[in-house]
Amino acid sequence: MTSTVLKRLGVALATIFGASIFTFVLLRKVPGDPARAIAGDTATEETIAALRKSMGLDDNLFVQYGNYMGSLLRGDFGFSYSTGNSVGTLLGQRLPATLELGLLSVIIAIVAAVLAASFAVYSRRRWPDQAVRFASSLAMGSPPFWIALLALMVFSIQLGIFPGPEGRLSPGMLKPPNVTGMFTVDSLLAGRWGTFANAAWHLLLPATIVALGPFAFLSRLYRNQLRGTLRETFVAVSQSHGLRRFPVYNRHVAPHGLLSLLPAASLLFADLLAGSLLVEKVFGWPGIGSMTADAIIQKDFAVVQAVLLLAAVLYVVVSLLADILMTAADPRTRVGAR
Amino acid sequence: MQSNAPSLPVPRLTVDGGPDPERNDPVLSVRGLRTDFETAVGTVHAVRDVSFDLRKGQRLAIVGESGSGKSAMAMSLMGLVPPPGRVVGGSVRLNGKEIVGLDDAGISKVRGKDIGLVFQDPMAALDPLKTIGSQFVETIRVHQDVSVKAARKMAADLLGEVGVNDAARRLSDYPHQYSGGMRQRVLIAMAIANDPSVVVADEPTTALDVTTQAQVLDLLAKICDERGNALVMITHNLGIVEELCDSVNVMYAGRFVECTSTGALFASPGHPYSKALLDCVIDPATARRGALPAIPGSPPDLSVDEPGCPFAPRCPIGRDQERCAVERPQPRTLSNGAVVRCHFAYDPQGETA
């Protein structure tokens with residue numbers, strides 16, 4: 001057991017190391033000079049040269065990478081030229097916003113997928129299954145930023161039941177005291193109900209839209225898993241013992257579906273933590289996604305690099321956690337054969 | 001069982017389908033059962049007009065090749081035909097209750113309580129995520145109003161009865177911690193937990209290795225003897241039939257082609273198909289090297305129901321007979337009491353009757 005965990009940890013570290021090299025080299029080999037972009041169109045060649053030197057862009061790649069890793073290990077993620085902040089500070093501000101959005105999206109996606117797929121499979125009629133499959137095709141096929149724009153037009157501008165793209169709180173609303181950085185949680189902790197309602201109201205529409213893709217994926221996965229499990233012999237056996245339809249479904253079918261959902265859902269979660277670039281941009285959501293979108297346009301190496309590395313770390317950590325959870329949840333891996 | 005005198009009750013496939021008044025009432029009475037599977041390429045008629053009676057303590061074998069409709073018939077008795085299959089006609093009476101056409105609530109009261117089923121593959125028949133104990137307790141509490149604690153006690157006793165050592169502790173184990181033979185013992189114990197009058201065993205040892213097969217079969221026989229359950233043994237193994245069962249229904253293409261006592265079948269098979277099946281049994285004492293005996297051809301496509309005898313194309317007699325190709329044989333009784341569907345059955349009193 002210990003050796004397996006150590007092996008997995010070794011693989012995890014190697015993955016992160018590989019990702020760091022990949023992003024580092026990739027960003028330095030794309031065309032365009034970041035020093036020129038930062039200095040602006042009117043800058044003289046001397047200014048640009050000086051800037052290149054101060055950014056360390058004249059050193060060879062190995063030296064640059066060595067410097068980068070060295071400062072990374074000291075907790076220094078570099079400096080964002082385009083915003084004038086350290087990347088560490090930026091992440092600290094932006095991460096909770098994305099975390100809040102991602103968490104709610106994953107919860108919405110899982111709950112909706114489980115409910116929809118269960119209904120589709122449990123129903124004796126055909127239309128619920130067809131409806132869920134149609135809905136998931138639609139959700140999978142539509143680009144989220146387009147849905148985001150559409151939703152803003154309908155629910156915010158036309159109907160006025162959701163706020164416009166104004167970020168996490170209405171203008172003039174005070175932020176709750178910072179504990180987790182997630183406004184809904186912090187406002188509840190502080191007992192500020194008005195702030196909580198406002199934050200939740202701002203969160204709901206983008207979270208639902210971000211949840212569409214994961215919902216489509218998870219509902220299909222769950223539906224197929226349920227249908228597969230229904231054909232298992234042990235389901236017929238429990239029926240043959242006199243169990244009625246619902247208890248059979250509830251005790252012997254659904255748990256298998258939920259177990260299969262665990263690894264998929266955790267990877268989707270890791271995905272969402274890295275930020276939903278365009279949806280955040282459309283809603284003016286001050287998270288990792290919109291920050292990354294800006295940084296890419298500005299050729300702000302340090303920021304993009306940090307976000308990509310963060311995504312790699314999240315993937316690795318979450319899939320490791322999912323593995324451990326799966327092992328704990330499935331008796332076949334938890335309890336050895338005799 | 002070498003004598004051909006049918007000392008034990010023989011299931012009657014009476015032409016009029018009525019129960020035999022001379023005996024006690026059957027616990028299971030099947031009349032004109034038909035089960036279809038709607039597939040993309042057409043309707044498969046897996047069970048076609050099956051009728052038989054089963055009495056308390058009786059042990060009936062249903063034999064036939066793969067694809068003869070044995071399993072579909074077993075599932076029909078439980079109301080458990082998997083979609084796209086369904087029972088399309090006939091009647092199944094358990095202890096006098098009609099079960100064809102019952103809804104989920106109605107059939108659930110019958111399953112496990114009036115009729116129990118032992119499945120073919122014990123490795124796949126237990127939920128891998130639940131302990132043996134929780135599955136067993138669930139099975140007991142479906143039909144009996146007892147506490148979890150009492151049910152656990154009953155489960156441990158039953159497990160002990162079927163030969164699981166240290167049963168109380170092993171209730172907390174998961175299925176993967178049991179071997180195949182042990183799982184089948186557990187499943188037998190679960191199937192009889194609510195004391196059903198009829199136990200249907202659908203090839204219960206096919207998935208087990210040879211050494212455990214005999215143990216499991218002995219166990220089934222012992223349990224049914226002690227508790228007085230009637231047993232329907234679905235198998236293609238004639239050795240099992242000879243050892244375990246007192247009567248046999250030979251199934252071909254969804255119909256019973258011969259219903260007889262075990263003794264009579266082994267002494268003088270009436271239907272050419274029964275004879276062909278017996279000829280395929282290899283006796284290690286006399287077997288010679290070379291090709292194994294086999295019935296030429298393959299079972300017919302069950303989506304078509306042509307007139308005539310479905311076995312005719314493979315039959316040593318019917319192959320050349322005009323009558324077998326056009327006229328479907330109706331059940332008739334031979335001199336030894338066997339009921340056969342064949343125009344040219346072998347009668348012990350003469351060559352072919």
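Two strands pair if DSSP finds at least two bridges between them. Helices (H or I, at least four residues) and strands (E, at least two) are DSSP runs, numbered from the N terminus. What you're looking at is a predicted model, where local features need pLDDT of at least 70, side-chain atom pairs count only at pLDDT 80 or more, and totals for chains, interfaces and linings use all residues. Residues are numbered from 1 along each chain as its sequence is written, while chains are lettered from A and ligands numbered from 1 in the order in which they are written.

**Exercise 1. Trace the open sheet of chain B and find its edge strands.**

Step 1: Follow the eight strands in the order β6-β7-β8-β3-β9-β10-β12-β11 (chain B); their pairing is mixed.
Step 2: Check the ends. β6 (115–118) and β11 (332–333) of chain B each pair on one side only, which makes them the edge strands.
Step 3: Zoom in on β10 (residues 255–261) and β12 (residues 339–340) of chain B, an antiparallel pair with two bridges. Here C259(B) sits opposite V339(B) of β12(B).

**Exercise 2. Work out which residues of α4(B) are buried and which are exposed.**

Step 1: Find helix α4 of chain B at residues 148–161. Its 14 residues reach 20 Å from first C-alpha to last, close to the 20 Å expected at 1.5 Å a residue (the expected span is 1.5 Å times one less than the number of residues).
Step 2: Apply the cut-offs: a residue is buried if 20 or more other C-beta atoms lie within 10 Å of its own, exposed if 12 or fewer, and partly exposed in between, with C-beta atoms placed from the backbone. The buried ones are A155(B), L158(B) and L159(B).
Step 3: Look down the axis of α4(B): its buried residues fall within an arc of 100° (taken from the directions from the helix axis to the C-beta atoms), so they line one face of the helix.
Step 4: Turn to the other side, where K149(B) and D157(B) are exposed.
Step 5: See what the buried residues of α4(B) pack against: α3 (132–143), α5 (167–170) and α6 (180–191) of chain B.

**Exercise 3. Describe how chain B touches chain A.**

Step 1: Count contacts (C-beta atoms, placed from the backbone, within 7 Å): 25 residues of chain B meet 20 residues of chain A.
Step 2: Name the elements of chain B giving two or more residues to this side: α2 (104–110) and α3. α2(B) gives the most, with four residues.

Methods:
Contact = placed C-beta atoms within 7 Å.
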